Amino acid sequence: MVEKRTTGNNVDRFIWKALLPGVLVVIMISISLTIIGCQEPPVIMVGVGETVVTPPDPVGVSLSGFDRGGNTSTGVHDDLYARSVIVEGEEGSAVALMTIAIINLNEEMADIIREQVEQQTGIPFENIVISATHTHSGPSAPRSEDPDSEYNRFFIEQSVQSAVQAWVNRVPGRIGIGTTQVYGVGKKRDALLQGGVHPDRETAVIKVETAAGRLMGVFFNYGAHPATLDLHNLEITEDWPYFAIRDIRQEVGEDVVVGYFQGAEGDINTGYSALHSAVGANMYGARSFEQAEWKGRIMGNSVLEVLHEIETTGDRIVQAAYGHFDFPRRTTYPWTVEEAREWEQQAREKLGEMEQRLAGNYPMNREEARQWQAQAREMAARGELDVRNQIGPRVLDSYRVDLWAAEQVVHMAEVIEALPEDPDPIRMPMQAIRLGETVFVTFPNEVYSEIGLAVKEQSPFEETVILGLVGGRGGYIPTAADHLERGYVPNGTPFAPQAEQVLIDASLELIGRISD
C-alpha cells in the first residue's frame, strides 16, 4: 500500500524548515536575556576615559629615556595617551587608576594631578593612582618645578581630564579581573646570557562593562620596558604597547578604551643589553618598529584570548590604603673613587686603541651591517682580512660599553663618598587598592620583577597586581642578590640592598590594612 502525502503537509514542513533558524535565534536571545536578567543588579559604578597627552607641537621636542646627543623629535608615529578607569562602591567609596604614556612622573607632579582630580570628582587624593608606562620615545617627564610651562599645563589638564571623563561618564556596571601567562614579550636583561627568562610572566587583564554587558574598557598589566626603539628613533610612540592596544581595539571596537599599566619592570626589556643600548650600539633589527609590532601582537593576542573568559561582577568591595615609607640609601660601593677613575682612564685609552683597529666603518643599521659583511667577504677574498690585528663592530661595542660602565661607576663612587655617615633615607609614597578579591599595590620607581613576584606570593588575596612607576624618586630598586651581580642597574642605584625587603614589607602592610 502506498502512503499518501498531502500537499498541505509538504507546505507545513517547508515553512517549518525555513523558519527554524530564526526560531532558534529567538530562543537563544531569550535564554541570554533570561541569564542577564537573573544577575543581581550592579551596586558599583564604573567609568573609563582617555585623552591625548602628545605635545601639540611635537617636532623639535626633546625625547627622554636615552642620551640622544641633542637630537630631537621629528614627528609622531602614534599618539601618547592618559587613560583612566574609575570604580565607585556601594557606599560611595571610589578609586581611580590612571596610566600615562610618559617616561616617569615624580611625586610632586603626580600630586598636582591628584589634587585636581579630587577637586573635580570628589575622589579622595589617597584613592587616586597614577602610573607611568615608561615609554622611552616620549617627551621628558614634566617637572613640578615648572608647572606653568606650556606643555606642563597641557599635560596636567589632559591627564586630569582622562579621570574626569571617566567620572562623568560612569554608569552602573561590572568589572572582572583575570590573568594569563605571556611568553616572548619581555626578557630579564641582566641574565640574557642565561636565557633571559622573565621571572614573572603573569599579565593581569581588567574587563569593564555596563550593567547590560556592553564592553567599556580593557586594561592590561605586565612588567616590561616599552623601549624596543632605541636612541636612534626620533618619532614619538608608546612603543610595543601601542601595537597591542591597536590590535585589541580592532577586535573589541574602537569605542572601547584600552590601556596598559606598567608592572615591576626594572630588570625587564624586550631582549637586549642595557649597556649596549646606552652606547647606541647597532642591535641588528632588535630595536625597530617591526620588532615593537611583533611584541605588541604577542601581547594583544594573549589579552584577547583570556578576555572572553573573564567573568564580571557588579558587587565588589572598593577600598584604598596610602602611606609613605623610608627606603635606605646605600653607603658602601664595590669601588673607591680612585679605583673607578683608574678603570675609566684605562677604558678610555683602550677604546681609542681599538677604534683604530676596526675593519671598515661602524654599521649603524641593518643595511650598513649587510654592506659591512659584504666588505669583509671581499677583504677575505683578497687576503686582506687580518683577524689578528683587526676587529669587528661587536668587539668594538664591548670596549665602548666598558668605558660607559666605568664613567657610571666614577659618578656613583663620588656620590656615595660624599654622603654623610648616616644619610637620610629616601621617603616615597605607596598605595594599595582593593577591588573585591583583587588587590593592586603600587611600586615607586623601577623595581625588579622578583620583588613584585615576592609580594604576589606573600599576599593573602587571590589576585595581586603590581602597578609600577607610581611616583617615587632615585631610580632603580634591584634585589639584594642582584647587588652582588653588579652591572648597569646595581652599579647605578642609590638604594641599599635592604631596600628590597623594605618594599616587600611596605606592600604587605598596606595590603593588610584593606584585607579584613
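Modeller: What follows is a set of questions and answers on this predicted model.
Modeller: Residues are numbered from 1 along each chain as its sequence is written. Local features need pLDDT of at least 70 and side-chain atom pairs pLDDT 80 or more, whereas totals for chains, interfaces and linings use all residues; side-chain values use heavy atoms, with hydrogens and water left out.

Biologist: How many helices and strands are there in the protein?
Modeller: Helices (H or I, at least four residues) and strands (E, at least two) are DSSP runs, numbered from the N terminus. By that rule the protein has 13 helices and 18 strands.

Biologist: What percentage of the residues in the protein is buried?
Modeller: Buried means under 20% relative accessible area, exposed over 50%, and partly exposed in between, with a 1.4 Å probe and protein chains only. The protein has 516 residues, and the buried part is 53%.

Biologist: What covers the buried residues of α6?
Modeller: Helix α6 (residues 289-307) has 19 residues and spans 26 Å from its first C-alpha to its last, close to the expected 27 Å. The expected span is 1.5 Å times one less than the number of residues. Its buried residues include A292, K295, G296 and V303. Their cover includes β6 (171-181), β8 (202-210), β9 (215-222) and α4 (240-252).

Biologist: At what angle do the axes of α10 and α13 cross?
Modeller: Axes are lines fitted to C-alpha atoms, for helices over the stretch in contact, and angles run from 0 to 180 degrees between N-to-C directions. Helix α10 (residues 449-458) and helix α13 (residues 499-513) have axes that come within 10 Å and cross at roughly 35°.

Biologist: Which residues of α10 and α13 make the contact?
Modeller: From α10 come I451, A454, V455 and Q458. From α13 come E500, L503, I504, S507, L508 and I511.

Biologist: Where is H134 found, and what is its phi?
Modeller: H134 is in the loop between β5 and α3. This residue is buried, with a relative accessible area of 4%. H134 is not a glycine, yet its phi is positive, near 80°.

Biologist: What is the phi of D239?
Modeller: D239 lies in the loop between β10 (235-236) and α4. It is buried, at a relative accessible area of 0%. Although D239 is not a glycine, its phi is positive, about 70°.

Biologist: Why does N491 count as buried?
Modeller: N491 sits in helix α12 (residues 488-492). Beyond four places in sequence, N491 touches R330, Y333, W335, Q408, V409, M412 and R486. N491 counts as buried because its relative accessible area is 6%.

Notes
Contact means heavy atoms within 4.5 Å.
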